[in-house]
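Please look over the sequence and the structure before reading on.

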Amino acid sequence: MKDRLSALYELQLIDNELDVLESQRGNLPQHVRDLDQKIAQISTSLQAKELERSESERKRIINTKEMERLDEAQKRYKSQLYTVRNNKEYDALTKSIDQAEEDISKREMENELLLDKEKNLVADIDNFKPGLDGFEQELKEKGTELTAIANLNEEQESFFRGKRAAIEPKVRKQDLAKYLQIRKAKSGKAVVTIKRNACSGCHNVIPANRQLEIRKMDHVYNCASCGRIIVPSEVAESVNKEALLA
Ligand SMILES: [Zn+2]
């Protein structure tokens with residue numbers, strides 16, 4: 001009977017390790033996805049600002065060229081003023097000169113606004129970039145770290161799977177079925193010990209006479225409150241945990 005209970009207890013210890021590994025592995029991809037998403041958001045925003053800045057610069061260059069052209073035209077019109085033959089020609093020229101003047105000042109004003117906008121965008125980009133660089137660096141480090149954890153996790157998992165495969169045949173079929181059933185119902189913990197006169201699973205006190213019975217090990221006992229399989233401390237202590245889990 002002691003071997004029967006030990007096998008159950010060992011199985012539980014191995015499954016505890018596998019449960020921890022499984023919950024760790026479950027979180028890893030989500031971590032990486034979150035970080036990736038944050039970087040993508042910052043990058044998109046940065047790209048949009050960069051695009052807006054270059055578009056503004058492009059408009060400003062067009063304006064400057066157009067202003068130069070208008071300036072040349074205006075000079076030409078002004079020189080033509082001296083050679084006009086009639087009032088109609090004179091009026092047409094002064095109108096063109098005024099039009100050019102108006103157009104130039106409109107573009108000048110627009111360029112000032114564009115330049116202000118570009119300055120703000122550059123400041124924004126400069127503010128953002130170190131953050132993004134830092135974040136990318138963090139992701140890179142985190143990624144390496146997570147990959148290492150994932151690899152270690154996988155390694156440990158196959159190690160404990162091996163251990164489990166060696167122990168499982170030692171557990172009686174009926175005990176294993178019960179064990180798996182309780183594990184499912186009690187989110188993992190099916191085999192418990194007695195700690196400070198209580199079930200280590202649900203912490204309900206186990207009466208002294210019941211504890212005595214459990215210690216006798218004449219059959220497999222379940223906690224009257226939570227239904228988990230109770231092994232006496234003698235069994236728990238006889239299992240060499242370090243050897244089992246190392
Ligand atoms: Zn209990």
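## Helix 2

In this predicted model, helix 2 has 81 residues and reaches 113 Å from its first C-alpha to its last. That span is close to the 120 Å expected at 1.5 Å a residue. Helix 2 covers residues 87-167.

The buried residues of helix 2 are Ala100, Arg107, Leu114, Phe160 and Ile167.

## Lys106, a residue of helix 2

Lys106 is found in helix 2. Is Lys106 buried or exposed? Lys106 is exposed, because 12 other C-beta atoms lie within 10 Å and a residue counts as exposed at 12 or fewer. Arg107, by contrast, is listed among the buried residues of helix 2.

Lys106 can also be placed relative to Gln30. The two residues are 76 residues apart in sequence, and their C-alpha atoms lie 54 Å apart in space.

## The overall form of the chain

The C-alpha atoms of the chain fill a box of roughly 130 × 30 × 25 Å, taken along the principal axes. The radius of gyration of the chain is 40 Å, whereas a compact globule of 246 residues would have a value near 18 Å.

Buried residues make up 14% of the 246 residues in the chain. Among contacts between residues at least 6 apart in sequence, 73% join residues at least 24 apart.

## Domains and secondary structure

The domain assignment gives domain 1, residues 22-168, and domain 2, residues 172-245. The centres of domain 1 and domain 2, taken over C-alpha atoms, are separated by 64 Å.

How many helices and strands does the chain have? The secondary structure comes to six helices and five strands. Read along the sequence, these elements follow the pattern α-α-α-β-β-β-α-β-β-α-α.

Three strands form an open sheet in the order 1-5-4, with mixed pairing. Strand 1 (191-192) and strand 4 (221-222) are the edge strands, and each pairs on one side only.

Strand 1 and strand 5 (residues 229-230) run parallel and are joined by two bridges. Within the sheet, Val192 stands opposite Ile230 in strand 5.

Definitions and conventions:
Residues are numbered from 1 along each chain as its sequence is written. This is a predicted model: local features need pLDDT of at least 70, side-chain atom pairs count only at pLDDT 80 or more; totals for chains, interfaces and linings use all residues. Helices (H or I, at least four residues) and strands (E, at least two) are DSSP runs, numbered from the N terminus. A residue is buried if 20 or more other C-beta atoms lie within 10 Å of its own, exposed if 12 or fewer, and partly exposed in between; C-beta atoms are placed from the backbone. The expected span of a helix is 1.5 Å times one less than its number of residues. Domain bounds come from an automatic or database domain assignment. Two strands pair if DSSP finds at least two bridges between them. The radius of gyration is taken over C-alpha atoms; the globule rule is 2.2 Å times the number of residues to the power 0.38. Two residues are in contact if their C-beta atoms, placed from the backbone, lie within 7 Å.
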